[in-house]
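Here is a short briefing on how two chains meet. Take a look at the structure, then read on.

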Amino acid sequence: MTAEMRKTLARLPYAEKLRRVAELIEFSRRFKAVKTADKTARTSIGSRDAV
Amino acid sequence: MPAPGIPLAEVFAAANSLRAAGIIVEYALGGALAAVRYTEPFTTYDADVFFIPADTGLSAGIPAIYAHLEKLGHGFEREHTIIRGFPVQWLATHGLTEEAVREALPVEFDGVQGRIFRAEHLVAIAASVGRTKDRARIEQMLEQADLDRALLDAILSRHYLKLPGQ
């Protein structure tokens, strides 16, 4: 994203920016959940292989 | 699971209730959520509410704040209160942060009146803390916020602070 685009985002109304912050938080939570699930799956496959 | 959205109106309502009950003298939203008012949106995981305590003892009235918020139906998780699923940290002010609360700007969010730090105070506070993320915030604020440079310089000078690279 260019500096100009970031400045444009900075000029959005506060309520709209907070709505986008909430979206970023939700995206980050989902990403973390997927990563954790993936790690759990790898660990359990690793354990099965070890047996 | 937190409800969607940032419950800023509920956070302001809780702070207004604490002020009306005489538990705090004054408050203002600071930290990342306040910075977003002046910059592009970015992720944060909690709201920082700075308050001037009515109780000037060591606890700064924190137990009374928690008790009051519990009566209002809010929950707790470690150092945070949980307001509609969103973590909120209550931070007692001193020096620069107290000045930032006293000179904060009034805002209205979803029909609820609240107070928010000025951009210049957010920059000065970041300069005083000086972590990597604070230096990044200063850079972002200098680039994106419409700062009153004379006011910022006065605040920095009053608190013996310098911006990174100065």
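**The interface of chains A and B**

Chain B and chain A bury about 1,800 Å² between them, with 67% of it on carbon and sulfur atoms. Buried area is the accessible area (1.4 Å probe) that two parts lose on being put together, summed over both. This is a predicted model: local features need pLDDT of at least 70, side-chain atom pairs count only at pLDDT 80 or more, and totals for chains, interfaces and linings use all residues. Residues are numbered from 1 along each chain as its sequence is written, chains are lettered from A and ligands numbered from 1 in the order in which they are written, and side-chain values use heavy atoms, leaving out hydrogens and water.

**Who touches whom**

- 24 residues of chain B contact 18 residues of chain A (contact means heavy atoms within 4.5 Å).
- Glu40(B), Pro41(B) and Glu143(B) supply 27% of the area that chain B buries against chain A, more than any other three residues.

**Salt bridge**

- The count between the two chains is one salt bridge (a side-chain nitrogen of Lys or Arg within 4 Å of a carboxyl oxygen of Asp or Glu).
- Glu40(B) and Arg6(A) meet in a salt bridge through their side chains, at 2.6 Å from N to O.

**A helix pair**

- Helix H1 (residues 3–10) of chain A and helix H6 (residues 132–144) of chain B have axes that come within 10 Å and cross at roughly 85 degrees (helices are DSSP runs, H or I, of at least four residues, numbered from the N terminus; axes are lines fitted to C-alpha atoms over the stretch in contact, and angles run from 0 to 180 degrees between N-to-C directions).
- H1(A) and H6(B) are therefore roughly perpendicular (65 to 115 degrees).
- H1(A) brings Ala3(A), Arg6(A), Lys7(A) and Ala10(A) to this contact, and H6(B) brings Gln140(B), Glu143(B) and Gln144(B).

Notes:
Helix = DSSP H or I, 4+ residues; strand = E, 2+ residues; numbered from the N terminus. Parallel < 35°, antiparallel > 145°, perpendicular 65-115°, else oblique.
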